[in-house]
Amino acid sequence: MEPLAPLSPSVASVAAFRASSKTETVARQPDRRSATPKVSLARALSKLGFCSRTQAERLVAEGRVQVGGRTVRDALLRIDPDRDRITVDGERVAAERRVYLMLNKPRGLVTTREDPEGRGTVYDCLQGLDLPFVSPVGRLDKASEGLLLMTNDTRWANSLLDPASHVAKTYHVQIDATPDEAMLERFRQGSVVDGELLTASSVGLLRSGGRTAWLEIVLEEGRNRQIRRLLGAFDIEVLRLVRVAIGGLQLGELAKGKARHLTAEELTMLGGG
């Protein structure tokens, strides 16, 4: 087997980036206790589990939404969804039952409700199920597979997505190389890509054979195409990327393209319930 070519960029550039980042002033976080409970009308319809924000904006523009008996055409109008009476086509919009799903996303589907290019979406996997409107918790890109959470509980979803929650996400990643320990250590050190430091909480070798290998990569933050960009900085191509766990929740034996409700124990494990 031929030796692998030296990798770049250098660890020194990563260290320099980290050092410079420490000098940045940390902005004071707003006091959430003093925040107003009001949200935009479009977001209120989404929070109540009626539809997506995009669909809500369309309904408002069409004059089909009323607040307190008055037709509203401003989707950005601030309202309190717990107090203001909202109707669509004259029917009262009430909070739907809370739904928490896990889906085994197949490769080739986009994580969105409607795709302007007409591609298949993760919602194709939910057809025929008796569900209120649910939204994905985060995203998996079209070429990625595996565990995707979906819910109509926006507060729970936001808590999982908050970087401060440090919810680990575990991926099994097939690459077009057979890495040695030195290469794995470079992955762990991370890389500066487009001015952004990309790292992983852990990187380990699962198995290798021929010209490919499978890695287990754990992230505690979710940046756009983070794993693909990180490995791409070392001229490594990702052949498959499968998310196998979120926190302690394992994808397990759930069939590809299928969804199921989380159990009470699983929901508690993820901070819900």
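In this predicted model, α4 makes the largest contribution to the lining of the largest pocket, with four residues. Helices (H or I, at least four residues) and strands (E, at least two) are DSSP runs, numbered from the N terminus. The protein chain carries seven helices and 17 strands, and 42% of its 273 residues count as buried. Here buried stands for under 20% relative accessible area, exposed for over 50%, and partly exposed for what lies in between (1.4 Å probe, protein chains only).

A word on the ground rules: residues are numbered from 1 along each chain as its sequence is written, and side-chain values use heavy atoms, with hydrogens and water left out. As this is a predicted model, local features need pLDDT of at least 70 and side-chain atom pairs count only at pLDDT 80 or more, while totals for chains, interfaces and linings use all residues.

**Pockets**

- A pocket is an open set of points on a 1 Å grid over the protein atoms alone, with protein on both sides within 12 Å along at least five of seven lines; a cavity is a set where a 1.4 Å probe fits but cannot get out, and lining residues have an atom within 4 Å of a point.
- Grid points are joined across faces, edges and corners, and a volume is the space filled by probe spheres set on the points.
- The largest pocket holds about 610 Å³ of space, and S46, R53, S135, P136 and R139 lie nearest its centre among 24 lining residues.
- Two or more residues of that lining come from each of α2 (41-47), α3 (53-61), β8 (135-136) and α4 (154-161).
- Its lining has six nonpolar, 11 polar and seven charged residues, where Ala, Val, Leu, Ile, Met, Phe, Trp, Tyr, Cys and Pro count as nonpolar, Asp, Glu, Lys and Arg as charged, and the others, Gly among them, as polar.
- The second largest pocket has about 510 Å³ of space, and of its 27 lining residues, R139, Y171, G222, R223 and R243 lie nearest the centre.
- At least two residues of this second lining come from each of α4, β10 (169-175), α6 (226-232) and β15 (238-246), with α6 giving the most, three residues.
- By class, the lining of the second largest pocket has 10 nonpolar, seven polar and 10 charged residues.

**Cavity**

- There is one cavity of 30 Å³ or more in the structure, and the largest cavity has a volume of about 40 Å³.
- Its lining consists of V137, L149, L160, L161, K169 and I246, which by class makes five nonpolar, no polar and one charged residues.

**Nonpolar cores and contacts**

- A nonpolar core is a set of buried Ala, Val, Leu, Ile, Met, Phe, Trp, Tyr and Cys residues joined through side-chain atoms within 4.5 Å.
- The largest core has 36 residues, and M150, V173, F187, I217 and L231 have the most contacts inside it.
- β14 (212-219) is among the elements that give two or more residues to this core, and β14 gives the most, with four.
- Apart from this core lies another, of 18 residues, including A42, L48, V60 and V88.
- Contact means heavy atoms within 4.5 Å; not counting residues up to four places away in sequence, M150 touches V99, Y123 and P136, among others.

**Cysteines**

- With a disulfide taken as a pair of cysteine sulfur atoms within 2.5 Å, the count comes to zero.
- C51 counts as buried at 5% relative accessibility, and C125 is buried too, with a relative accessible area of 16%.
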